[in-house]
Amino acid sequence: MQIGNMTQGELPQELKEKIEGILAKDKIVLFMKGDRFQPQCGFSDAVVKVLNFHDCEYATYDVLSNPDLRSGMKVYSEWATFPQLYVNKEFVGGCDIIMEMHQNGEMAAVLK
């Protein structure tokens, strides 16, 4: 998949290692616009509310303040929008998927 002018195979090694390090550091990682205390878009806010509802520990990374991470995550996940939720280094999805999983009861199992 190509996003912008970069494909997943062309992701710079240094950026790929940075992303993999972030994902290895915490079980639940949310790449979002803003942070958990001040989301900068409604979609990011909605996912933060779901995670807070489930009372889980999670890390957030603001893609607005880090353009390299923002473009790199689009390539790494092959998902063009934010937020992006990862659990155990696996991409779970964006806001629509998270909301659906929360509503149908799947999210609790994913976050355990």
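**Exercise 1.** Find what covers the buried residues of H4.

*Solution.* The cover includes helix H2 (42–53), strand E7 (84–87), strand E8 (90–93) and helix H5 (106–111). Contact here means heavy atoms within 4.5 Å. Helices (H or I, at least four residues) and strands (E, at least two) are DSSP runs, numbered from the N terminus. A quick note on the source: this is a predicted model, where local features need pLDDT of at least 70, side-chain atom pairs count only at pLDDT 80 or more, and totals for chains, interfaces and linings use all residues. Residues are numbered from 1 along each chain as its sequence is written, and side-chain values use heavy atoms, leaving out hydrogens and water.

**Exercise 2.** Work out which residues of H4 are buried and which are exposed.

*Solution.* Start with the cut-offs: buried is under 20% relative accessible area, exposed over 50%, partly exposed in between (1.4 Å probe, protein chains only). In H4 (residues 95–103), Cys-95, Ile-98 and Met-101 are buried. Looking down the axis, the buried residues fall within an arc of 135°, so they line one face of the helix; the arc is taken from the directions from the helix axis to the C-beta atoms.

**Exercise 3.** Describe how Tyr-76 and Tyr-86 pair up.

*Solution.* Rings of Phe, Tyr and Trp (its six-membered ring) pair if their centres lie within 6.5 Å; planes under 30 degrees apart are stacked, over 60 edge-to-face, the rest tilted. This pair is tilted, at 6.4 Å centre to centre and 45° between the planes. Tyr-76 sits in helix H3 (residues 67–77) and Tyr-86 in strand E7, so the pair ties together parts that are 10 residues apart in sequence.
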